[in-house]
Structure formats: structure tokens, C-alpha cells
Amino acid sequence: MFDFGILFPSLLNGLTTGAVYALIALGLTLIYGVLHIINFAHGASLMVALYAVYLLKTHWGIDPYLALPLVVPGMFALGYALQRGIVNRASHGKDENILLVTLGLSIVLENVALMLFKSDTRTIETAYTLTTVPIGPAFIALPKLVAFAGALVTSAVLLWIVTRTDLGRAIRAVAKEKHGAKLMGIDVDHVYAMCFGIGLACLGAAACFLLPAYYVNPQVGSGFVLVAFTIVVLGGMGSFAGALAGGLLIGVVESLGGLFLGESLGQIGIFAIFIAVLLFRPQGLFGARA
């Protein structure tokens, strides 16, 4: 029998999870939209951000939400340095080399984490970890509600940067025609590095919102980045609106799949949607035909 009392909490849970998925995918979308490459180190970078939040909490007692002003700029600086110091130099301007470099970075970061933290799964305890908030007939965990609101606010800030600032105009110019942008005096390499930094800053924010209700280990980023790739394709490569809508949709599909098929099979719906999009609308829901 259909029971709205069970379905409604599942929908809310899916939306809260999907907002964080969207935030992770937005960083991937920005990097693809400007650099036109897939960042295979995206998942490993999320793992680094999660460990940063974990260490700040366990060693210095800094709450994950209060760690935002530290982790977000730190991840931005890491992304900027990686792009200028490694990705840009090692790729020699070739996109296929960039793919290999980011894949190599992913392997290095994961193995360094294994060396430092072993393969143990780690969590943190906060005063609000088990706190719930009533919404209609449902009770939602407070960390998930904060993550939902925080992800939407961060997405809005990113959209404002891209559409309303000088940096955003430079980003859009480089994404559209990098040679023309260079002729107009725009430092293309700097814009590339800024985009890479902003993409990783999104991961820093996502890590702060995730960890109060999640865990971290050296392989934790793999599952998230697989979902993020699906969201980017679903929404349309390079589309910010598509990444946000796709993230929310994927979160709901995963939650409902877990409700009706069981937790172990909950992600089947995600990949069914992924295959259907590739077959029937390869440009994505918000993408334009080439």
C-alpha cells in the first residue's frame, strides 16, 4: 500500500543529499566548462578536504561548519597551485595529457592518504550529529538540513561570481573563446587556475557540510565523483543550472531507489538514468546540441 508517511521523508532525504551532490558537481562543471577537461582528481580532492575538516575537529576542536573559512580558502589555494604548478606544466597544452595528469594526481593523493591514515574509516562526533528537525510528518537530521541550505547558498554565491563579477566575465570569455580572450588582455592561464581553485573550493564547502553526518577514508571520494560525473552528463556538460537540477534529481532517485529496492541497490536508478540520457538526450537536460 502506498504510504505518504514513508515517501515524504525519503523525498526530503533525497533533496538534502542531492544538494551536496550538486555542489560537488558544480566544481566539476566549472572546470570542464572552462578548461574543457574532465578532472579525474576531483574525488581525491574531496577526500583531502574531508580529512582537513576531520583533522581540524579532532586536533583543534574546530566545528566543521566553523571550519568553512579555513577549508574553503585552503582548497582554493591547493587547486590554484596544482593547476599552475603541476597540471598546466605537465600537460604541455594537450588535453589528453591533462587527463593523465589529473588521473596521476588522484592516485598520488589517495596513496598519500593511505600512508598517513591507513585504510581506517573515521568519523567525528558533534553535539548536533543526532539532532533531528520535524518537517511536516518527517524528521530530518539537522546536519543534512544544514548541508542542504549551505549547498544552495554556496551554489548561489558561485553563480553570482560567474555572472556578476569581472572574474566571472573573464571566465565566460575564456570558456567561449580563449584565443579571443587572450587578445583582449585576459591572462588565460590565471583564469584556468582560478577555475580549478574555485572548483576545489566547492569541494571544501561540501566537505564541511558532509562530515558531521558522514565519514572519511582514502577511497571516500570515488563514490562521490562517480555520481558527480553522472550529474554533469545528466544536466549538460558545462551547465550550472543542469548541475544543480541534476544533483537534486539524482539525490531523490537514489533515496527512492533505496526505499523500494533496498540500500544495496539504491543507486541502480542513477545509472539507469545515466544510460537513458546518453541514449536519448546525449547533450543533457540543459545542454545545447553541438
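Q: In which helix is the place of Val-188?
A: This is a predicted model, where local features need pLDDT of at least 70, side-chain atom pairs count only at pLDDT 80 or more, and totals for chains, interfaces and linings use all residues. Residues are numbered from 1 along each chain as its sequence is written, and side-chain values use heavy atoms, without hydrogens and water. Helices (H or I, at least four residues) and strands (E, at least two) are DSSP runs, numbered from the N terminus. By that numbering, Val-188 sits in helix 8.

Q: Which residues does Val-188 touch, not counting residues up to four places away in sequence?
A: Contact means heavy atoms within 4.5 Å. Residues up to four places away in sequence are not counted. What remains for Val-188 is Val-174, Lys-178 and Lys-182.

Q: How many Å apart in space are Val-188 and Leu-35, C-alpha to C-alpha?
A: In sequence, 153 residues separate the two. In space, the C-alpha to C-alpha value for Val-188 and Leu-35 is 10.0 Å.

Q: Which residues does Val-34 touch, not counting residues up to four places away in sequence?
A: Val-34 is among the core residues with the most contacts inside it. With residues up to four places away set aside, Val-34 touches Ile-171, Val-174, Ala-175, Val-191, Tyr-192 and Cys-195.

Q: At what angle do helix 2 and helix 3 pack?
A: Axes are lines fitted to C-alpha atoms, for helices over the stretch in contact, and angles run from 0 to 180 degrees between N-to-C directions. The axes of helix 2 (residues 42–60) and helix 3 (residues 68–91) are 11 Å apart. Their packing angle is about 145°.

Q: Which residues in helix 3 are met by residues in helix 2?
A: Helix 2 supplies Ser-45, Val-48, Ala-49, Val-53 and Leu-56. The residues they meet in helix 3 are Leu-70, Val-71, Met-75 and Leu-78.

Q: Where does helix 3 bend?
A: The bend at a residue is the angle between axes fitted to the seven residues ending there and the seven starting there. For helix 3 the value is about 40°. Buried residues in helix 3 include Val-71, Met-75, Gly-79 and Gln-83. The bend is at Gln-83.

Q: What is the phi of Lys-118?
A: Lys-118 is found in the loop between helix 4 (95–117) and strand 1 (132–135). Lys-118 is not a glycine, yet its phi is positive, at about 60°.

Q: Which residues does Ser-155 touch, not counting residues up to four places away in sequence?
A: Ser-155 is in helix 5 (residues 142–164). At 9% relative accessibility, Ser-155 counts as buried. Its contacts beyond four places in sequence are Leu-23, Leu-26 and Leu-244.

Q: Which residues does Ser-255 touch, not counting residues up to four places away in sequence?
A: Ser-255 lies in helix 10 (residues 240–261). Ser-255 is buried, with a relative accessible area of 12%. With sequence neighbours up to four places away left out, Ser-255 touches Ser-10, Asn-13 and Gly-14.

Q: What is the relative accessible area of Leu-226?
A: Leu-226 is found in helix 9. Its C-alpha is separated by 9.9 Å from that of Phe-271, 45 residues apart along the chain. Leu-226 is partly exposed, with a relative accessible area of 44%.

Key. A nonpolar core is a set of buried Ala, Val, Leu, Ile, Met, Phe, Trp, Tyr and Cys residues joined through side-chain atoms within 4.5 Å. Buried means under 20% relative accessible area, exposed over 50%, partly exposed in between (1.4 Å probe, protein chains only).
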